[in-house]
Amino acid sequence: MTTYKNIHGRSIQSLATDPTELSAEGQIWYNTTSDTFKTILVSEAFSSGANMITARRGAAGSFAGSQSSGLGFGGYTGSNAGVALTEEYNGSGWATGGALNKARYSAGGAGTQTAGLCFGGYSNPNQDTEVEEYNGTSWSEETDLPTAISSFACAVGTQTAALNAGGMPAPRTTTFEYDGSSWTATGALNTARQSGFQGAGTQTAAFAAGGDIGGSPGVSLATEEYDGSSWTSVSNCPPTIAVSAAGSGTQTDAILMKGTNSATYDGTNFTAGPSMANDFISKVGNGATTSTAMAFSGNTSGNPTSYTGTTEEFNRSANVITGAAWASGGTTNTARRGQAGIGTQTANIIAGGYTGSYISATESYNGSSWTTLPVSLPGNQSAGAGCGTQTSGITFGGEVAPKAQTNEWNGSSWTSGGAMNTGRQYLAGFGTQTAAVAGGGNYPNTNLTEEYDGSSWTAGNAMNTTRRSLSGAGTESAGLGIGGYTTTPVASTEEYDGTNWTAGGNLNQVRSGMSSSGTQTAALGFAGGTPGFSPTAIGSTENYDGTSWVTSATMAQGRAAGSGTPSGTSTAALQTNGSIQTAPTSHPGASEEFTGETTTVNVKTLTQS
Amino acid sequence: MAHFIYGVAQNTGKGFFTAEDRRAFFLRGYLADVWCIGNNVEGARWLAEKNGVEKTKAEAQALITAEVEAAQAAWDAESDEYKATHLRPSDVTLP
């Protein structure tokens, strides 16, 4: 019998399971389980990234940056003065960076996250000449542009070798090079234009594609390439990406992104690329390559007041990246807020809460549906804390007197545990049934800490910040106290080592009444309210790595004073119930499930057709 | 083309919206079972599949405002002790 090896001189591996390593790209193997030949292919696709902290249009970016170290700055959020806000992206989420000295929008950007450049822009009532450099922490003023310009037709390069061309006022042909200290005028564009594609190329090998030329129809498809001294006209760009497109890459290998459209440019031709999910224009691109690019922020075409912080990542890889997202979970049988939550995303318990009156009902979740259990808390309770697992949990505190009650759950029934030394409500709790921590709470607001050993509570060292309505995650020896309310919602996080509290990273969004999941070095914080004590709810989500918080996927429906998964993880969390408004009865029975970003190799089955 | 469509649909729990849905289109939930949905093929299909009723932005806003006003009236009737610890329900404006 003729074999593959006889014909080709090589044999094919027989594998029971597909390889999961990227190094297997290009290989062919026979899967003995599915009785098929398979391979790993490179694919191009956009995936959802975490939203910016502040939605905006007209931002600028570090075009020489990367998908894992992006920078966005300035922009328009409703005021013609623009904003000075800077945000840094780490590949998973956004965190607050140092603010520009001059607020503005439609500025030019270049450089990287740790060596960024912002030039020109618009700040009511005029275009701007201001230039600033970013060192990864703060912006400093540098040599001004020779002319006030915004809405460039081309902006690329690094902090010490940047280039801009075109822009407004009036569609223009000017080109300026920056060497890190001064600006020099060079060869003019052949077609005067503004609001063109920005973000791909270098100071000596750039290109301008499309743009607004004023008048009607007002759109140019002209593409020109720059060689470090002059511009040469080449082929036209597709109309789908002609104005206000974002980009990444080089003069001979670039991706352009606008609305839901993308296109690639190889130095000669434009080719349609994969679709994006979010139909926004004036996005900002980040990335010096086309293998990994990103686009963020922008506004709806024709509606400059509808702006967004949406982020999408582009990957040309044998890996398939699936962005983090919240999905609807089961609906509880009794909608409530202020309940204590115990357990994980697929094995959860909620107990007590407030429905207009205090309740004691207990429900169990299996990852699909909630079941009301025949046993309830010993008494009605709300606004307490919970931790542990579905079969060995604990709730403590709450706003129903005496507020010091501890209840232990063994998977089938509740029994009373030792009373807290200081009764309180709106407190944080984390740990296990036999090693739990209670921190903060009120009334009045407190910083007191207590530890539970399975039978009694012992006073621990106090938190640094007195607060209530905070959330807890982690273990007795490695815990977190997150956010909360002092005289206003706060962003601060404190880390507990079993003895002392020390300051951790600040949330990007202040919030009280939030929920959380995970550990001290891999936590997820979500939901809550800002700016009031019992305010309009939010659904934003943040990830903590033990040092800093970054944004993540947003819930579909914001809720405050619900419950989380104190024994869950940062990649599999559950948010249950809570209020979507301050009304006593506006608490739906909904829950949402969080799944973190995943990466898998792109395995394809080979067919004969 | 408008960036959002608006609709009323009851959250039926698990599977009402999936992680794939969330990656495919914008989705935000509000009072009165009002949903603000990204205006693309996937978003429109989702609303139809959930037996949702599409509303104009004004109609959707009116439904929310009615619930907010009812909540504000309920808050107004609460005790001073309650008001001291709970802010008055705030207005909600659709994007």
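Hi everyone, let me start with one pair of residues: A:Glu451 stands opposite A:Thr458 in strand 43 of chain A. Before I go on, a word on what we are looking at: this is a predicted model, where local features need pLDDT of at least 70, side-chain atom pairs count only at pLDDT 80 or more, and totals for chains, interfaces and linings use all residues. Residues are numbered from 1 along each chain as its sequence is written, while chains are lettered from A and ligands numbered from 1 in the order in which they are written.

Back to that pair. Strand 42 and strand 43 (residues 457-460) of chain A run antiparallel and are joined by four bridges. Two strands count as paired if DSSP finds at least two bridges between them. Strands 42 and 43 of chain A make a hairpin with four residues between them, and in the turn A:Gly454 has a positive phi of about 105 degrees.

Next, another piece of chain A. Strands 15-16-17-18, in that order, form an open sheet of four strands with antiparallel pairing. Its edge strands are strand 15 (154-158) and strand 18 (183-185) of chain A, each pairing on one side only. Neighbouring strands in this sheet are turned by 15 degrees against each other on average, direction ignored; the axes are lines fitted to C-alpha atoms, for helices over the stretch in contact, and angles run from 0 to 180 degrees between N-to-C directions. Strand 15 of chain A is joined to strand 16 (residues 161-165) of chain A by five bridges, and A:Thr158 sits opposite A:Ala161.

Is A:Ser591 buried or exposed? A:Ser591 is buried, because 27 other C-beta atoms lie within 10 Å. The cut-offs, with C-beta atoms placed from the backbone, are 20 or more other C-beta atoms within 10 Å for buried, 12 or fewer for exposed, and in between for partly exposed. A:Ser591 belongs to strand 53 (residues 591-595) of chain A. Not counting residues up to four places away in sequence, A:Ser591 touches A:Gly329, A:Gly330, A:Thr332, A:Leu574, A:Gln575, A:Thr576 and A:Asn577. Contact here means C-beta atoms, placed from the backbone, within 7 Å.

A:Thr346 is in the loop between strand 32 (340-343) and strand 33 (348-354) of chain A. With 16 C-beta neighbours inside 10 Å, A:Thr346 counts as partly exposed. Leaving aside neighbours within four places in sequence, A:Thr346 is in contact with A:Asn366 and A:Gly367.

Over to chain B and its helices.

Helix 2 (residues 41-49) of chain B has B:Gly43, B:Trp46 and B:Leu47 as its buried residues. These cover an arc of only 95 degrees around the axis, which puts them on the same side of helix 2 of chain B. What covers them includes helix 1 (19-24) of chain B. After helix 2 of chain B comes B:Asn51, with a positive phi near 55 degrees.

Finally, how do the two chains meet? The contact takes 34 residues from chain A and 31 residues from chain B. Strand 31 (325-328) of chain A is one of the strands that supply at least two residues to the side touching chain B, and strand 31 of chain A gives the most, with four residues. That side of chain A divides into 13 nonpolar, 20 polar and one charged. Here Ala, Val, Leu, Ile, Met, Phe, Trp, Tyr, Cys and Pro count as nonpolar, Asp, Glu, Lys and Arg as charged, and the others, Gly among them, as polar.

Methods: Two residues are in contact if their C-beta atoms, placed from the backbone, lie within 7 Å. The arc is that of the directions from the helix axis to the C-beta atoms.
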